[in-house]
Structures are given as C-alpha cells and as structure tokens.
Amino acid sequence: MPMLGYGVWQVADAEAETLVAHAIHSGYRSIDTASIYDNERGVGAGVASCGVDRGELFIATKLWNDRHRGDEPSRALDESLERLGMDRVDLYLVHWPSPVVGAYEAAWRSLVAAQADGRATSIGVSNHAIEHLDRITTATGVAPAVNQVELHPYFQQQELRAWHAERGIVTEAWSPLGQGGELLQDPVLVGIAREHGCTPAQVVLAWHRAMGIVAIPKSATPARIVENLASVDVQLTAADVAAIEALDRGAAGRIGPDPSTAQF
Ligand code: NAD
C-alpha cells in the first residue's frame, strides 16, 4: 500500500476522470474513493485512460452505512466494482461502524467473505474506535489490514495508533491536511516550511510519512496534487517532528464526527 494516495471526496464524478488521470501521471499509485462520494465511475474512467497498468495501482473504495445487513454488503461491492469497471479492488473498507445502524459486525463478516472470493485483495475499516475494532476482531478472528481515520497534527490519535501498532493494523489518515483550514496557517508549520523551502501542506504530509501513517490528501487543483506528492522529498528533523507533536489538541482538534456518537 503506497504511503501517499490521492483522496477524491468532494471531487465531482465528471471531474474525477481528468483529475485521477492527472494524479496518476504525476506519480500517485493509490486512489481513495467511496460509494458515497458518487464518483466511482469517474475514478474508474481515469484509471482506464491513464495508461498505467491496473496492476501497478492501488484502488480503495468503501461500503456505506445503509448496506451493512444481510447480502447488502456483497451487492454493494458488486455495484462499486461495476461503476469502477474493475473485477477487484485492492482495499475495501467499512466506511463507518455506525452504531445507530447496529450491524458493523455483520458488515465485517461480509468483507471477510469478499476477500476470500477475490473481489477485495485486502479488507479494512474506517472510523473504527478501539471498541469497534475489538468487537469485529474478536467475533471473526480476522483483524482489519487498515483503519482509515481522521488524523492530522491537531488530532493525532496517539492511543489508537499505539493500539494499531501492537496488532499490525495500518493507520491511514483522512483529512490529513485538516481540510485545508487553520492547520495550514499554523505558525509552527509555516516556520518549518520556511526552513525546508517547502509549503506547510508538504510539511504536514512529511510528518505523516515520518510517523508511518498513510495519508490521502485531496485537491481538485492540478498544481496542488503535484505539490502534495512532492512532500516525499521533504525530510523532517527530529526537532521538527517534536514541534509538530506538540500541536496535538486531542479530542478538541477533531474536525469530523466522532464515530462512537455519530448519528448516521
Ligand atoms: P484534506 O485534509 O485532504 O484537505 C483537502 C483540502 O485541503 C482541499 O480541498 C484544499 O482546500 C486544501 N488543500 C489540498 N492541498 C493543498 C495544498 N497543497 N495547499 C493548500 N491547501 C491544500 O481533506 P479531505 O478531503 O477531507 O480528506 C482527504 C481524503 O480522505 C478525502 O478526499 C477522502 O478520500 C478521505 N476521507 C475519508 C473519510 C472517511 O470517513 N473515511 C472522511 C473524510 C475524508
């Protein structure tokens, strides 16, 4: 799994083909979409037209919350594959545990079956807290390969990362740039960027890499798509890493919903 991927939440289906092909031409090999993003057709078209072999690419999509029960997860995966124009994905994720739906254990069992039948090379989850991870792993004996969660310098998820590390679960960061808000103006990050002759976004993505966290920044601006990938050339010092670690705001730094209390 590449350490850096291109995330396409809020990329319109009509734009996804061009932007995904641009990202792949720029050097990305990993794309993160979801059925709820409503752009799997555009993503699939971009992959088909980009000229890079499918086997060199890592394509991930996700199961939405209203399809956790019965044979719905299996049907939803077939529908995603049809829209993507693929016979398998590299990674299939349960998008949210959705305790209000109350069937994430059943959803996880279906993903275990989808991996066995080859439609998903690897399977994982997203937005799962320790309690959810514990439950699905205990129930099935199969741990997710990946947990994709909100994670950026203001919300560093130390406890969850340590839990993943003990069990060999890959930590993947969504909204790694804090959705392009206040984070990218933070004086500490701006200062580190100035020292390295790079941008604050590149500092943030270099920090994820230094921490062993997979990141999937989104942009619909071609130059920023390239800029974000070029973060692989930024080498932070131990002092930089320590300064970024001190920016953690704990739960107060969260931008998105808390998976344990989300009402969807
Ligand atoms: P992000 O942190 O990647 O921020 C994206 C925004 O940051 C862009 O819209 C733009 O405004 C800005 N930006 C991007 N590159 C920039 C640059 N170089 N300089 C300045 N500003 C820049 O936020 P995101 O889109 O929420 O998250 C990334 C991806 O994570 C999504 O596209 C999606 O694939 C995934 N995601 C998953 C979940 C989930 O529940 N699993 C939730 C949210 C996002």
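**Close-up views of a predicted model**

**View 1. Ile130 lies in helix α5, which spans residues 130-140.** Helices are DSSP runs of H or I with at least four residues, strands are runs of E with at least two, and both are numbered from the N terminus. This is a predicted model, in which local features need pLDDT of at least 70 and side-chain atom pairs count only at pLDDT 80 or more, while totals for chains, interfaces and linings use all residues. Residues are numbered from 1 along each chain as its sequence is written, and side-chain values use heavy atoms, with hydrogens and water left out. Ile130 is partly exposed, at a relative accessible area of 22%. Buried stands for under 20% relative accessible area and exposed for over 50%, with partly exposed in between (1.4 Å probe, protein chains only). Beyond its neighbours within four places in sequence, Ile130 is in contact with Glu159, Leu160 and Trp163; contact means heavy atoms within 4.5 Å. Arg161 is 31 residues from Ile130 along the chain, and their C-alpha atoms are separated by 10.0 Å.

**View 2. Lys62 lies in strand β3, residues 58-63.** Lys62 is buried, and its relative accessible area is 0%. Its side chain makes a polar contact of 2.7 Å with the side chain of Asp32. A polar contact is a pair of N or O atoms within 3.5 Å; within protein, one must be able to donate a hydrogen and the other to accept it, and residues adjacent in sequence count only if both atoms are side-chain atoms. The Lys62 side chain also reaches the backbone oxygen of Thr33, at 3.0 Å. Outside four places in sequence, the residues in contact with Lys62 include Tyr37, Tyr92, His95 and Gln148.

**View 3. The ligand is surrounded by 27 residues.** The closest are Asp32, Ser126, Ser175, Leu177 and Asn228. A ligand oxygen atom is 2.7 Å from an N or O atom in the side chain of Asp32. For the side chain of Asn127, the distance from a ligand oxygen to an N or O atom is 2.9 Å. At Gly178, a polar backbone atom is 3.3 Å from an oxygen of the ligand. Taken alone the ligand exposes 830 Å², and the protein buries 89% of that; these areas come from the Shrake-Rupley method with a 1.4 Å probe, and for residues only the protein chains shown count as cover.

**View 4. Helix α9 (residues 222-229) has Ile225, Asn228 and Leu229 buried.** These residues cover an arc of only 100° around the axis, which puts them on the same side of α9. The arc is that of the directions from the helix axis to the C-beta atoms. Ala223 and Arg224 are exposed on the other side of α9. The cover over the buried residues of α9 includes β1 (6-7), α1 (13-26) and α8.

**View 5. In helix α10 (residues 238-245), the buried residues are Asp240, Val241 and Ile244.** Down the axis of α10 they fall within an arc of 95°, so they line one face of the helix. On the other side of α10, Ala238 and Ala239 are exposed. Packing of the buried α10 residues is against α7 (187-196) and α8 (200-210).

Technical notes
Near = heavy atom within 4 Å.
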